[in-house]
Amino acid sequence: MQRRDFLTLAGATLAAGFSSKASAQAQGWPERTVKVILPYAPGGATDAIGRPWADKLSQAFGQQFVIENRGGASGMIGVEAASKSAPDGYTLLLTPNAPLAVLPSLRKTPYDPIKSFDPVGRVGDVINGFVIHPSVGVKTFQEMVEYAKKNPGKLTFGSSGNGTSTHLRLEMLKYKTGIDILHIPYRGGADTLNDVLPGTVHMMNEPVSLPHAKAGKLILLNVNSQVRHPDFPDIPTLTELGITGADVPIWFSIFAPAGTPKDIIAKLNAKMQEIARTDDMKAKLIAVNAVAPLQSPENMAKHLLEDIKANAELINAASIKIE
Amino acid sequence: MRIRSGQDIATGLLFLAFGLAAYWIGADYPMGSPQRPGTGVLPRILAWCLMGTGAILCAKAFLADGTALTRWAWRPVIMTTLATIAFALTVDNLGLVVSMLLSMTLCALGTPETRWREYAIFCVLMVALGVGMFIWGLRMPIPVWPVSLPGALSWN
Amino acid sequence: MELGSLFSNLSLGFSVAVSLQNLFWCLMGAVIGTAVGVLPGVGPTATMALLLPATYFLPPEGALIMLAGIYYGAQYGGSTTAILVNLPGEASSVVTTLDGYQMARQGRAGPALAIAALGSFFAGCVATIAIVLAAPPLTRLAQQFAPADYFSLMVLGLVFAVVLARGSVIKAFGMIFLGMLLGLVGTDVNTGNTRFTFGISDLFDGIGFVPLVMGVFGIAEIMANLTNPQRRDLVDAKVSGLLPTKEDIMRSIAPVLRGTFLGGLLGILPGGGAVLASFSAYTVEKRLSKTPEKFGTGMIEGVAAPESANNAAAQTSFIPMLTLGIPSNAVMAMMIGGMMIHGIIPGPQVMEQKPGLFWGMIVSMWIGNLMLVVLNLPLIGIWVRMLLVPYRLLAVAILFFCCIGVYSLNNSANEVLIIALFGVIGYLLMKLECEPAPLLLGFLLGPMMEVYMRRAMLLSRGDPWVFLQRPLSLTFLAIAVVLLLFVILPNVRRARETAFQE
């Protein structure tokens, strides 16, 4: 046999040997505790969605999925730590899309949202929308738009920070409807709620406001998603209101450091989809205003790319800068 | 003109230095507008305030009697600093036990009062206490032994 | 609310809280909280963060009751280290170090700890009653505060920090300004720009309070004490009596009452009032005292008032969380996290939908306070004995606990490096007789003040007069100016006299 052929054959055999080792790994995975990094401080929205998932995964696989909160710098610190972890399937990242789909377009991040991670599966999409304080006197989305057009710059909106998803939602609203609303940055949803409840600030767009909308203290105008919120069956989606492509979705998902064996990812994704189908999980998620879509890792990668692109365009169009 | 208070002049100069540094580093921060005060507004105000305070103290140093500077105790300062740094640098790689031993010993070296036999017993007790409390009790994700050894990460 | 429903609610609460299970969880929480809170640097926030996952396995009431127990326990524990070794466990214990540590050095650690525990218990009882009777109106009161009002309140707080200072007023001002600058390190919340971070991503969220305190108080103290026996040994070599004397108790009654009132009010402000509680109480006592110059040398009033204030504030800070779902601080945020884990969404409906949980929590708060007093008073003897350990060994232990405490917050060794840096800076400041307390207060209040100033200016569309137009804001600023004059004028007069003598 020619030497070149021999080498090719040897190489192929070796490769086959390695890959069977990899799938042998996936068969055994997980054999010990899996660390799930949450890039935010404990007690926040990410925790509310992440902890039920960690619990379910631990039950499903018989191994502990332990959450490690690594908060700071709008999620950058935790995401960076995850990106540098070993891609052996024993460290995962559970995060909203912002640190990966928004932040890199605003500042230089120590990770690449596409190259540093392999998508695994969707964990939950938040369903919430713009709420407004009753003192303004408007009750529906259209009334709000009319009011804003007649009184440019009078309405105020509190976001959870400059460059966060909620800020982008405001910019998208302004961009698509042509109205002018004053943006006031806060430090997270609870901070915003503090000034919105007494009416010091008029509007916000955060899941924490929903219990108050249910109680009648605030008025929910719309939902930023493709489906209506089951607790608010009368409130329309933005698309139904005629404003398409304006959702700026906030979605949570699990990523693995780039290079994690594909078999492990596939195994985890399959289990996640199975869990997402159960009624118990659906109920737990709705309680925190989330729905978990079923999606393969490949489609998730595409979704991420689209999201990054859409956010980058919006940031450009609205000249959102971190000055 | 005589310096009548070593302490006042030193403090005054320190404040001036910090104030100047703050001003210089923050010189490029955007100032914004009255409606949207920018990132640089408060740093600059504070820098001026600090420099002003420093200047007053320096003036006071020449005009009024005050305390003189006292000597620094170099040994504890250096050893304590080294001990802390040692802990920081070794806890992730060499594990809790090693970093505890290293930092505590460096600290003990900082005072001539240390009696080594007594210290050795105390050290063992502390390590046991530390590992017991933080690894076993609070389940902190800190490696106990140097990471190259297998099973380093968990104690259970 | 009428008495009838009050009783039925309370009895519902008692029936939930006094179940054997929940009592056990309360006790567990209190014990763990105290044990961990006593460790310098590991304050309530860190403790709760570490133990939050464990509570997942408990039933909802049990979990929340235990978390609340941990919170108080850690607060009590933080005061203990503040008094014994000059290491505040939390922002609220910083002020306790001023007189508490001095009392310990005079052999009076026992009375200091006892009065702290008793004052806190009293404040806790009163605050619990306040919550039961007046949670909704107190919440409405808190909602009257707009950003402009918070700004002026913070300014007042900074003036308090000047009043607190024992020594040179000028140096106190300098410390405040320096502290404020240190507080600004990190990301500017309003714009997302970073300040003074030199590109280090660990600094993006600013210098942590705990690393700063550990460095400036803890490490610097070790440096100063290690070769200086006169500085650290008890002034009275014998530890005199563990119990407070009759005189101690008589002197503490009024401060405890005042502190409770002040702290209780400030605690309901979700925007950060609780931080102000302890040092407002201290300042008030200093102003009211016939011997203000003795404050900072071991006055029992300087321990009684702040301790009552911060416990009252700790309790009333539950109010915005329970009634509106708004956390006033990181600890409350974690409680909300704990509730969400169990599928309870905090907010206005919790009172109606889960009355057992709501009232059960409130009653167990009181039970928790009781348990802590029962736990802590006997422990005082042990703590005081600990002080007799030779310093050459104690220092080593303190160093270790500082390091591990800081490391445990974020699993970050870099933060331990920060305490090394601030240790040196702290020692330098100590040598120059610059007090650390105003530095820390500036550090805490400065950034908050800036946030509120900018928010107020945004809302007023750039009109600075808003600070004088709102009645609350005007009141706070007026008090601040008056206090400032009280503090500065004597100094100016003295300076002119000295100048004239030349």
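In this predicted model, helix α6 of chain C gives the largest share of the lining of the largest cavity, four residues. That cavity holds about 120 Å³ of space. Chain A has eleven helices and eleven strands. Of its 323 residues, 56% are buried. The points below take the cavity, then the sheets and helices of chain A, then single residues.

**The largest cavity**

- Eight cavities of 30 Å³ or more turn up in a search of the whole structure.
- The lining of the largest one draws at least two residues from each of three helices of chain C: α4 (60-85), α6 (109-143) and α17 (355-386).
- Lining residues include C:Tyr76, C:Ser79 and C:Thr80.
- Also in the lining are C:Leu113, C:Ala116, C:Ala117 and C:Ser120.
- C:Glu307, C:Asn376, C:Ile380 and C:Trp383 line this cavity too.
- By type, the lining has six nonpolar residues, four polar and one charged.

**The five-stranded sheet of chain A**

- Five strands of chain A make an open sheet with mixed pairing, in the order β7-β6-β8-β5-β9.
- β7 (182-185) and β9 (219-220) of chain A are the edge strands; each has a single partner, so one side of each lacks a neighbour in the sheet.
- Helix α20 (residues 436-459) of chain C packs on this sheet. It touches β6 (156-159) and β7 of chain A, and its direction makes about 170° with that of β7(A).
- Strands β6(A) and β7(A) are parallel and share four bridges. Here A:Gly158 stands opposite A:Ile184 of β7(A).
- β7(A) is covered on both faces. A:Leu182 and A:Ile184 are buried on one side, A:His183 and A:Pro185 on the other.
- Strand β5 (residues 131-132) of chain A runs antiparallel to β9(A), with two bridges between them. A:Val131 stands opposite A:Leu220 of β9(A).

**Strand β10 of chain A and its partners**

- β10(A) is mostly covered, with seven of its seven residues buried.
- β3(A) pairs with β10(A) in the antiparallel sense over four bridges. One bridge partner pair is A:Pro96 and A:Phe252.
- β4(A) is also antiparallel to β10(A), joined by seven bridges. A:Phe117 has A:Pro257 as its bridge partner in β10(A).

**An enclosed helix in chain A**

- Helix α4 (residues 98-106) of chain A is largely enclosed by the rest of the structure, because seven of its nine residues are buried.
- The buried residues of α4(A) are A:Ala98, A:Pro99, A:Leu100, A:Ala101, A:Val102, A:Leu103 and A:Leu106.
- Their cover includes the helices α3 (76-83), α6 (165-177) and α11 (297-317) of chain A.
- Strands β3 (91-96), β4 (117-126) and β10 (251-257) of chain A are also part of that cover.

**Contacts across the sequence**

- Take the contacts in chain A between residues at least 6 apart in sequence: 76% join residues at least 24 apart.
- A:Thr46 lies in helix α2 (residues 45-61) of chain A. A:Thr46 is buried, with a relative accessible area of 6%.
- Beyond its neighbours within four places in sequence, A:Thr46 contacts A:Leu38, A:Tyr40, A:Leu94, A:Pro96 and A:Phe252.
- A:Ala190 is in helix α7 (residues 189-196) of chain A. Setting aside residues up to four places away in sequence, A:Ala190 touches A:Val208, C:Ile326 and C:Pro327.
- A:Ala190 and A:Ala82 are 108 residues apart along the chain, and 27 Å separates their C-alpha atoms.

**Backbone exceptions**

- Most residues other than glycine have a negative phi, and most peptide bonds are trans.
- The peptide bond from A:Trp29 to A:Pro30 is cis, with omega near -10°. A:Pro30 sits in the loop between α1 (3-28) and β1 (34-38) of chain A.
- A:Val248 has a positive phi, near 45°. This residue lies in the loop between β9 and β10 of chain A. A:Val248 is buried, with a relative accessible area of 8%.
- C:Asn86 has a positive phi too, near 65°. Its place is the loop between α4 and α5 (94-105) of chain C. C:Asn86 is buried, at a relative accessible area of 9%.

Conventions
Residues numbered from 1 in each chain as written. Chains lettered and ligands numbered in written order. Predicted model: local features only at pLDDT ≥ 70, side-chain atom pairs only at ≥ 80, totals over all residues. Heavy atoms only, no water. Pairing = 2+ DSSP bridges. Contact = heavy atoms within 4.5 Å. Axes fitted to C-alpha atoms, helices over the stretch in contact; angles between N-to-C directions. 1 Å grid on protein atoms, 1.4 Å probe; cavity = no way out; pocket = protein on both sides within 12 Å on 5 of 7 lines; lining within 4 Å. Points joined across faces, edges and corners; volume = space filled by probe spheres on them. Nonpolar A, V, L, I, M, F, W, Y, C, P; charged D, E, K, R; others polar. Buried < 20%, exposed > 50% of the residue type's maximum accessible area, 1.4 Å probe, protein only.
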